Amino acid sequence: MSIFPKISLRLEVERYLKEGFMNKEVVSALGKQEAERRFETLLNHLSHPPSFTTVRVNTHLASVQHVKNLLLDELRKQFNGLSVPILQHPDLQDVLLIPIIGPRRNIKKQQCEAVVGAQCGNAVLRGAHVYVPGIVSASKFMKAGDVISVYSDIKGKCKKGAKEFDGTKVFLGNGISELSRKEIFNGLPELKGIGIRMTEPIYLSPSFDNVLPNYLFLQNLPSAVVTHVLDPQPGEKILDLCAAPGGKTTHIAALMRDQGEVIALDKISNKVEKIKQNALLLGLNSIKAFCFDGTKALKLDMVKDAEGKPPFLRESFDRILLDAPCSGMGQRPNMACSWTLKEVTSYQPLQRKLFTVAVELLKPGGVLVYSTCTITLAENEEQVAWALATFPCLQLQPQEPQIGGEGMMGAGLSSEQLKQLQRFDPSVVPVRDTDIASLGDARIEDMIWLANRDCIGFFIAKFIKCKST
């Protein structure tokens with residue numbers, strides 16, 4: 001059952017999304033009422049966290065069973081002896097699923113309050129503690145050791161340093177303050193640690209701050225599916241065209257048993273450093289990360305670059321992952337998005353530029369996987385229709401494993417083509433409460449079924465290049 005209102009969007013953005021989800025093809029197949037119900041259910045899901053926390057095991061350094069045992073011990077410590085199951089995904093052997101308990105509706109609100117920014121609030125709903133930079137406001141007399149009720153400023157209206165806030169705010173649970181109000185707002189920029197340690201979050205979900213960092217990578221379920229769909233093989237040369245923060249890059253290298261070459265590009269230098277740090281932490285040596293704009297990754301002259309740096313010659317890669325920059329409208333939880341329609345619709349041309357480069361850089365017989373963490377028709381199925389019309393050398397491929405639903409109608413793709421896509425749409429299941437008692441009675445198959453559906457909104461398409469461009 002919903003505990004939060006549906007995601008708050010600008011009216012122009014909500015109308016735009018609604019037009020996509022209630023296009024002629026969808027309405028004629030489902031009927032207007034059912035199409036509208038599904039759209040409203042989706043908006044409702046976006047403001048709530050998924051039902052499971054998903055972690056990927058770094059199989060390069062440890063077995064899944066070993067890491068699962070270590071994680072069970074960690075959870076018992078975090079949850080004060082409470083026994084929460086950890087499930088190994090049957091189709092993604094390196095993925096572990098931890099059910100999220102909540103919403104817990106009987107938490108008593110305290111007089112002393114802290115308000116956090118929306119992004120910080122979203123992280124708290126997925127198991128994080130509150131870090132000092134995320135705190136926007138705190139009660140006048142708050143001191144270290146106080147029990148504090150934490151709220152999210154979902155509309156971004158609270159002034160930094162305010163003593164109280166009466167605007168739109170959403171209760172996230174209670175925690176214990178590590179610092180006084182004065183220490184938090186004394187103007188020292190170097191304060192970056194935990195400000196409030198969450199003790200009674202409304203959604204009980206493990207904190208992964210410095211937990212088994214060499215063995216685990218916190219990743220949404222569809223993000224782990226993407227790399228399995230790419231199916232990298234040892235000895236291949238693979239390009240991750242928009243790679244930060246490196247979750248999929250490191251997954252590619254692990255699935256290749258660190259044999260071969262994984263090139264990771266991102267145009268923001270501190271994000272590239274993050275990829276390098278993650279590769280080092282996970283003990284992966286096959287990754288080379290470069291600060292480079294993916295739209296310029298194709299070398300236009302034919303002079304071979306001896307150092308293997310970008311830009312690259314045509315047809316240099318066996319497989320390419322294009323996890324494209326996107327509007328991110330599938331991310332959860334997200335209670336409010338202030339983006340304008342212009343911002344939401346600005347990604348399609350950039351995605352096409354990157355896609356064009358990827359096709360050129362792919363060897364004949366090579367595999368290209370395109371993915372986004374958004375729900376819009378324009379950035380997903382419409383891009384597939386455009387790609388097939390623009391590049392006759394590309395063929396859509398069935399995906400393995402097929403965990404998401406089929407693609408959405410409305411872009412003129414055939415029903416056969418839609419079946420070859422994966423669209424993760426959380427609206428296919430109702431928002432539900434999970435408590436410890438219900439977990440004890442649940443069958444593993446039912447829990448896996450729920451984890452596969454109640455995740456973030458996501459899209460995957462897989463192509464093979466049949467001949468030289």
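Mentor: Strand 5 (residues 113–117) and strand 8 run parallel, joined by 5 bridges. The model is predicted.

Trainee: What makes strand 5 and strand 8 count as paired?

Mentor: Pairing takes at least two bridges. Strand 5 and strand 8 have 5, so they pair.

Trainee: How do you know in which sense strand 8 pairs with strand 9?

Mentor: Strand 8 and strand 9 (residues 170–177) share 6 bridges in the antiparallel sense.

Trainee: Why is strand 8 described as largely enclosed?

Mentor: Buried means under 20% relative accessible area. In strand 8 (residues 147–153), 6 of the 7 residues are buried, so the rest of the structure largely encloses the strand.

Trainee: What is the strand order of the open sheet?

Mentor: The order is 6-10-9-8-5-7, with 6 strands and mixed pairing. Strand 6 (130–131) and strand 7 (135–138) are at the edges because each has a single partner strand, so one side of each lacks a neighbour in the sheet.

Trainee: Now the second largest pocket. What makes a residue part of its lining?

Mentor: A lining residue has an atom within 4 Å of a pocket point. For this pocket, 21 residues line it, with Arg38, Glu406, Arg423, Asp425 and Val428 nearest its centre. The volume is about 480 Å³.

Trainee: How does the lining of the second largest pocket divide by class?

Mentor: The lining has 11 nonpolar, 5 polar and 5 charged residues. Elements supplying at least two lining residues each include helix 3 (32–46) and strand 19 (422–424).

Conventions: Residues are numbered from 1 along each chain as its sequence is written. This is a predicted model: local features need pLDDT of at least 70, side-chain atom pairs count only at pLDDT 80 or more; totals for chains, interfaces and linings use all residues. Side-chain values use heavy atoms; hydrogens and water are left out. On a 1 Å grid over the protein atoms alone, a cavity is a set of points where a 1.4 Å probe fits but cannot get out, and a pocket is an open set with protein on both sides within 12 Å along at least five of seven lines; lining residues have an atom within 4 Å of a point. Grid points are joined across faces, edges and corners, and a volume is the space filled by probe spheres set on the points. Helices (H or I, at least four residues) and strands (E, at least two) are DSSP runs, numbered from the N terminus. Ala, Val, Leu, Ile, Met, Phe, Trp, Tyr, Cys and Pro count as nonpolar, Asp, Glu, Lys and Arg as charged, and the others, Gly among them, as polar. Buried means under 20% relative accessible area, exposed over 50%, partly exposed in between (1.4 Å probe, protein chains only).
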